[in-house]
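Let's take a friendly tour of a protein model. Have a look at the sequence and the 3D view first.

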Amino acid sequence: MVKQSINILVFVQLICMQPLIAQDQPIVGWYMPAMMPAKVPVPQLDVQTLVLPFYKAGNLMLIEATVDDQTGYFIFDTGAPYLVLNRTYFRKYPSIANYTALGISNIEVDIVRTSVKALNIRALEYQNIEADVADLSHLENNRKVKILGLLGTNLFTDFVVGIDFKAQNITLYSPEAFQKISAKVGTATLPISLRNNLVLINGVVNGQKVQLVFDTGAEINVLGNDLAEAVYEPFIIQKRSTLSGSVGEEIEVFSGVLMRMLLNNHIYLNMKTIMTNLSGIGKVYGFRVDGILGYEFLVKGPVYIDFKNRQIIMQKKEFYE
Amino acid sequence: MRIASLWLLLLPILASGQNGVNYKISGDYILATIQLNQPKAQIDSIVKSFGFSELEKIETQKSELGWVVKSRTTSILVLSQNKKKNTKELPNAYTMGDINSVDIQAQTRADYGVNSFKQRSVFTEGSQIRFTLNAHQKAKQVYLSGTFNGWSTLATPMRKTANGWEVALPLEAGKHVYKFIVDGKWLHDPQNNKREDDGNGGYNSVYFVANYVFDLAGFATAKKVSVAGSFTNWQPLNLLFNESTNSWRGVLYLREGTHAYKFIVDGKWILDPANSVVRDDGSGNKNSFTSVGDTFYFRLPGFLEAKKITVAGDFNGWNFDELTMLRSKQGWVLPYVLPAGNFQYKFQAFGKKIADPNNPHACGTGDFRNSVLAVKPNKTFVLRGFANAKVVALSGSFNGWNQDGFTLENTNGVWQISIFLPPGKHHYKFIVDGKWMIDPANELWEENEYKTKNSILWVEGPGLN
C-alpha cells in the first residue's frame with residue numbers, strides 16, 4: 001500500500017448541513033482526482049454500435065452497469081475522468097493506493113484507489129480496471145435513485161459517443177461505424193481537447209476566447225465570473241442565493257438564463273446558467289476553466305463526441321433553441 | 001479529517017429575496033436594484049440577505065458579502081459588488097433551479113385510477129399483469145421499464161410473439177407507470193390513453209391494477225350511471241357499465257382508507273342501496289361510506305367498569321371524541337380500516353389517555369408515550385447482542401428521526417420490530433439505552449452531517465420481490 005503525499009491543491013468539497021438539503025437542487029460537479037490512474041481501461045465490444053438507454057434522474061443520465069457482482073445505475077459523467085464507485089456499496093474493496101492530498105484550508109483528504117475485476121455495460125466489457133471510491137451519498141439522496149457510481153470519460157475514449165436526450169439514449173460507435181453515418185448526423189463541428197480526461201471545448205463565446213468543460217454531469221451550465229463583459233451581456237440574472245460553504249462561510253451564487261451564446265459559429269438560446277468563481281478548479285488542473293456546458297447544452301439536440309478526431313459533431317442549425 | 005465527498009452540494013440557508021430585486025452586470029460589477037416601496041419586513045429581509053444589518057444608515061454598514069451601496073433614493077436602493085471579488089473558490093455550485101426529479105413514491109401516488117385504452121394492451125390475469133406491444137416486430141430487443149422495477153432498463157425483457165412483444169409479471173393493486181424500450185429507444189404505450197408527462201418532452205404510460213368494484217343493482221332503464229366521492233373530489237366518474245340488463249358495475253383502483261361516495265343515475269344523486277354504512281357529512285347530506293384495506297382490531301382488555309372508551313391516533317387527527325370502542329366480554333374492541341403504514345395511538349378511559357398495555361412497541365416518554373402499530377409491515381429490524389439492554393428503539397427517516405424512536409420488543413435476548421416502509425431509500429439507527437448506533441447487521445451505511453454514521457436500506461417497489 002503506497003502512501004503518497006501530493007502537494008497539489010486538490011479542491012475538496014464537503015457536504016454541508018445535510019438536513020437542509022432542499023430537493024431538486026441542480027447538481028454541477030466534476031470529480032477531482034489526486035492522480036490519474038496508471039492503467040488505461042481497454043474496452044471489449046464485439047459489435048460496431050451499442051445503444052445504451054438511460055434513465056433520466058433530474059437532468060442526469062443514468063445507465064445500468066455491473067461492477068463485479070453489483071448491478072445498478074451509474075451516472076454517465078464526462079466530468080469524471082474515470083470510473084468512480086459510491087463508497088456506500090463498495091466499502092469492502094481494498095485500496096491499491098492511498099493518496100493523501102492537501103486541500104483548500106489545509107484539509108487532508110484520503111482518496112481510495114481500488115481495482116475492480118469486471119465492469120459490464122451491456123455488451124461492453126472491461127477487465128481489471130482502476131476506480132476511485134468516493135462518497136456519492138448526497139447524489140442518491142438528492143435524486144432519490146440508487147447510484148452505484150460514475151462512468152467517467154476514459155471508459156469511452158475509443159468510441160464516438162452519441163448523446164440523444166430526446167430518445168433518452170447514448171450510442172457508442174466504433175470510429176468505422178460512425179464514418180458511415182457521420183454525414184447523416186451532422187456536419188457542424190466544435191473542436192475539443194482532452195486534458196486529464198476532461199473534455200474541453202475551445203471556442204469563442206460572444207467574442208471572448210474560452211475554454212469550457214463539457215460535463216454531462218452538470219445539470220445546469222456554469223459561467224466563470226471573470227470573463228469579458230460581452231460574455232455576460234445576454235446573461236439575465238434571475239436569482240441570487242447565499243449558500244453555506246465548507247467551513248461555514250457564506251457564498252453567493254447567481255443563477256439565471258444565458259439568453260444567447262455564440263459559441264464559434266453556433267448560436268445557443270436560453271440556457272439555464274449559474275455564475276460563480278471557477279478559478280479554484282483552474283488552479284488544481286493547471287489550466288483555465290471558463291465555464292461548464294452540461295444538460296442545457298446537450299438538450300438542444302443530439303451531439304456526437306468524436307474523441308479520436310477531437311471534435312463534437314452535430315446538426316447544422318441556424319440556432320439551437 | 002476524513003472528507004466525505006468530492007462533490008459539493010451547497011445548500012441555501014437564505015434564499016435571496018426575489019421580490020423587487022433586479023440584477024444587472026455592468027463591467028466588473030453586479031448591480032442589484034432594490035425597490036423600496038415594499039413592506040418593511042420584506043425590505044429588512046432583503047437587506048439582510050445582502051449582508052447588511054438594516055436599511056437605516058446602510059451607508060455606514062459593511063456587508064459580509066462584499067456589497068456596497070452605489071446609490072439610494074426614496075424609492076430605489078442600488079447595491080454593487082465586484083463580481084471578481086467573489087473569491088470563495090467553489091468549482092461546484094448548486095443553485096435554486098427547478099429540476100424535475102420525480103421519485104417512484106410520488107409517481108405511484110393516486111387516490112383512484114381507471115384504465116383507458118385505444119385497444120387494450122395490458123391485461124390483468126389473476127395475479128399476473130401482462131403487458132403487450134403489438135408493434136416493432138422487427139426490433140431486436142424490447143424491455144419493459146417502470147415504477148415496479150425501479151425504472152431498470154435491463155430487468156424485464158419482453159419476449160417475441162406472433163404480433164409483437166409481451167411480458168407478464170406480478171403487480172400489486174395501485175398505480176404503475178411504465179414505458180417500453182425498443183432497441184434502446186424509449187416509447188410510451190401507443191394503445192394506452194392514460195399517460196403523464198415524463199419530464200423529457202414525452203409521456204410515460206400509466207396502468208392501474210384494480211382492487212375495488214362498485215355494484216349497483218337495478219336501474220335497468222337508466223342511460224348513464226356514474227359514481228362520485230371524496231376520492232374524486234366529488235367529480236362524477238363515468239365508471240359503471242351495464243353488467244347485465246338489471247345491474248351496473250365499475251372496476252377501479254381505489255386507495256386504501258375510508259371513502260365517502262354516491263351514485264349518480266341519470267343526473268340524480270343517490271346513496272348506495274346495498275350499503276348500510278351511511279354517515280352525515282355535517283351539512284345535512286348523507287353519504288355512503290366504504291373502506292379499502294385491512295381491518296385492524298384495536299383491543300383493550302378489562303376496564304369493564306368504564307362507560308365509554310375511545311381510541312385516537314395520528315390516523316384521525318388525535319380526535320378522542322370520534323372513535324368509540326365496542327364492549328366485548330373481556331373488554332373493548334374497535335375494528336378499523338387502516339392503509340399500509342405506521343401509526344401512533346392511545347386509548348382514553350375515565351378521562352385519562354393510556355397507551356396500549358399489550359403493545360410492546362411505543363414511541364415517546366411519560367405522558368407523551370404513544371403505542372405504535374404497523375399495518376402491512378414489510379421490514380423487520382433485528383438487533384442481536386444486546387440482551388441486557390433496558391430499552392432499544394428504532395429511529396430514522398420514516399419517523400422523522402424521532403428522538404425516542406419506536407421501541408423494539410425483547411424476545412429471548414433478541415430485539416425486534418416490524419414496520420412498513422414505502423419504496424425508496426431509508427436511513428435509520430438504533431438507540432440502545434440512549435446511545436445511538438448503526439445496525440451492526442447491515443453493511444450499508446453513510447456518513448451523516450454529524451460525522452457519525454447512518455444505516456441505509458432500499459425498499460424495492462411493489463412487484464419486484
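## Ground rules

This is a predicted model, where local features need pLDDT of at least 70, side-chain atom pairs count only at pLDDT 80 or more, and totals for chains, interfaces and linings use all residues. Residues are numbered from 1 along each chain as its sequence is written, chains are lettered from A and ligands numbered from 1 in the order in which they are written, and side-chain values use heavy atoms, leaving out hydrogens and water.

## Chain B as a whole

Chain B has two helices and 41 strands. Both are DSSP runs numbered from the N terminus: helices are H or I with at least four residues, strands E with at least two. Of its 465 residues, 49% are buried (under 20% relative accessible area; exposed is over 50%, partly exposed in between, with a 1.4 Å probe and protein chains only).

The C-alpha trace of chain B spans about 85 × 70 × 55 Å along its principal axes.

## A three-stranded sheet

In chain B, one open sheet has the strand order 24-28-27, paired antiparallel. Strand 24 (295-301) and strand 27 (326-327) of chain B are at the edges with a single partner strand each, so one side of each has no neighbour in the sheet. Two strands pair if DSSP finds at least two bridges between them; strands 24 and 28 (residues 331-337) of chain B are joined by seven. Across that pairing, Leu300(B) faces Trp332(B).

Thr66(A) sits in strand 4 (residues 60-67) of chain A. Its relative accessibility is 18%, so Thr66(A) counts as buried.
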